[in-house]
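Subject: Structure handover

Hello,

Here is the structure I promised to pass on. Please open it next to this email and follow along.

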Amino acid sequence: MATPRLITITFSHYCEKARWALERRQIPFVEDGHLPLFHYLPLRRAGGRRTVPALLTGDGRLIGDSSEILAWADAQPAPGPALYPEGVADEVRALEERFDRDLGPATRRWAYGHVLPKPALFRALAEPRSPRWEYRVLPLVSPLARALMRKGMRIDAAGVERSRGKIAAVFADVAERVADGRRYLCGDTLTAADITFAALAAPAVIPPEYGVPFPPPERFPAAAQAELADYRAHPAGAFAMRMFREERWPAAS
Ligand SMILES: N[C@@H](CCC(=O)N[C@@H](CS)C(=O)NCC(=O)O)C(=O)O
């Protein structure tokens, strides 16, 4: 059996979710990381359609959705702890679905709303772990790429404002859930719910432990820095930061 291959846009938060889950389960994989738009060719070649993460499993199956990748990872005979532990699995799945639907697109639109108008910031986001040749030709395709991304994800003032509302609603629910001081969202171990929430909240809090280095907050415009500080100070943002700090790279036991 071949080693599974995870096709990604390196800095994508849905890809971080899949990467984190595979690492948590201790499933060996290689990452085939790309810049946006450059990901289409390898994805199509592998039999995929449009979005990443997509996992090409050792037996040649392509799984093209982050939640399906987590379900697959959970079903493998791997040494890492379960992502959907018995007893809380349904609750974990319901939270994961909510975060996938309401949080991921909103934090992405909010972050791109700040990043896309700043070509240098977009380049700083794009650089880590992207293939050199893609990064080198980025200045040539960057205006087109940014225009397509703006259109495809409806990144405009009204869309960003709606996304702020969605982030606020999800953050309020998570804050209420963790207000009793619990360590994890469901049960007493890290689950797919925590990974999904933390990974999809990441663009709004920029955790230093993210799987691919993000540009530090100081590189963002002042207005973005102020919002970032508020998101980090929010109990749900602080929870996401703690998940990254304590759980993203746990010391080998
Ligand atoms: N529901 C999908 C969403 C994944 C997704 O939106 N991926 C984005 C990157 S963050 C993507 O591939 N966008 C490229 C495009 O839409 O062309 C999942 O959970 O895997």
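A contact here means heavy atoms within 4.5 Å. Please keep that cut-off in mind for the neighbour lists below. Also note that this is a predicted model.

**Overall fold**

The chain has 10 helices and 4 strands. Along the sequence, the pattern reads β-α-β-α-β-β-α-α-α-α-α-α-α-α. The radius of gyration is 18 Å, close to the 18 Å that the globule rule gives for 253 residues, so the chain is as compact as a globular protein of that length. The C-alpha trace spans about 50 × 45 × 30 Å along its principal axes.

Of the 253 residues, 54% are buried. Take the contacts between residues at least 6 apart in sequence: 75% of these join residues at least 24 apart. The chain exposes about 11,800 Å². Carbon and sulfur atoms supply 56% of that area.

Charges next. There are 35 positive and 30 negative side chains. The centres of the two sets lie 8 Å apart.

**The sheet**

The 4 strands form an open sheet with mixed pairing. Their order is E2-E1-E3-E4. Strands E2 (30-34) and E4 (62-63) stand at the edges. Each has a single partner strand, so one side of each is left without a neighbour in the sheet.

Strand E1 covers residues 5-9. E1 and E2 run parallel and are joined by 5 bridges. Look at two of the facing positions. Arg 5 stands opposite Val 30 in E2. Ile 7 has Asp 32 in E2 as its bridge partner. E1 is mostly covered, with 4 of its 5 residues buried.

**Leu 55**

Leu 55 sits in strand E3. Is Leu 55 buried or exposed? Its relative accessible area is 0%, and buried means under 20%, so Leu 55 counts as buried. Leaving out residues up to four places away in sequence, Leu 55 touches Pro 4, Arg 5, Leu 6, Leu 22, Arg 61, Leu 62, Ile 63, Ile 69 and Trp 72.

Leu 138 is another matter. Leu 55 and Leu 138 are 83 residues apart in sequence. Their C-alpha atoms are 25 Å apart in space.

**Glu 23**

Glu 23 lies in helix H1. With 31% relative accessibility, Glu 23 counts as partly exposed. What does Glu 23 touch, not counting residues up to four places away in sequence? The answer is Phe 29, Arg 248 and Trp 249. Glu 23 and Trp 249 are 226 residues apart in sequence. Their C-alpha atoms are 9.1 Å apart in space.

**His 114**

His 114 is in helix H4, which covers residues 89-115. At 13% relative accessibility, His 114 counts as buried. Setting aside residues up to four places away in sequence, His 114 touches Leu 121, Arg 164, Pro 221, Ala 223, Ala 224 and Glu 227.

**Backbone points to check**

Most residues other than glycine have a negative phi, and most peptide bonds are trans.

- Gln 26 has a positive phi of about 60° and is not a glycine. Gln 26 lies in the loop between helix H1 (13-24) and E2. At 48% relative accessibility, Gln 26 counts as partly exposed.
- Leu 37 is not a glycine either, yet has a positive phi of about 80°. Leu 37 is in the loop between E2 and H2. Its relative accessible area is 29%, and Leu 37 is partly exposed.
- Val 52 and Pro 53 are joined by a cis peptide bond, with omega of about 15°. Pro 53 is in the loop between helix H2 (40-45) and strand E3 (54-56).

Best wishes

How values were computed. Residues numbered from 1 in each chain as written. Predicted model: local features only at pLDDT ≥ 70, side-chain atom pairs only at ≥ 80, totals over all residues. Heavy atoms only, no water. Helix = DSSP H or I, 4+ residues; strand = E, 2+ residues; numbered from the N terminus. Rg over C-alpha atoms; globule rule 2.2 N^0.38 Å. Buried < 20%, exposed > 50% of the residue type's maximum accessible area, 1.4 Å probe, protein only. Areas by Shrake-Rupley, 256 points an atom, 1.4 Å probe, with all protein chains shown as cover. Lys, Arg positive; Asp, Glu negative; His and termini not counted. Charge placed at Lys NZ, Arg CZ, Asp CG, Glu CD. Pairing = 2+ DSSP bridges.
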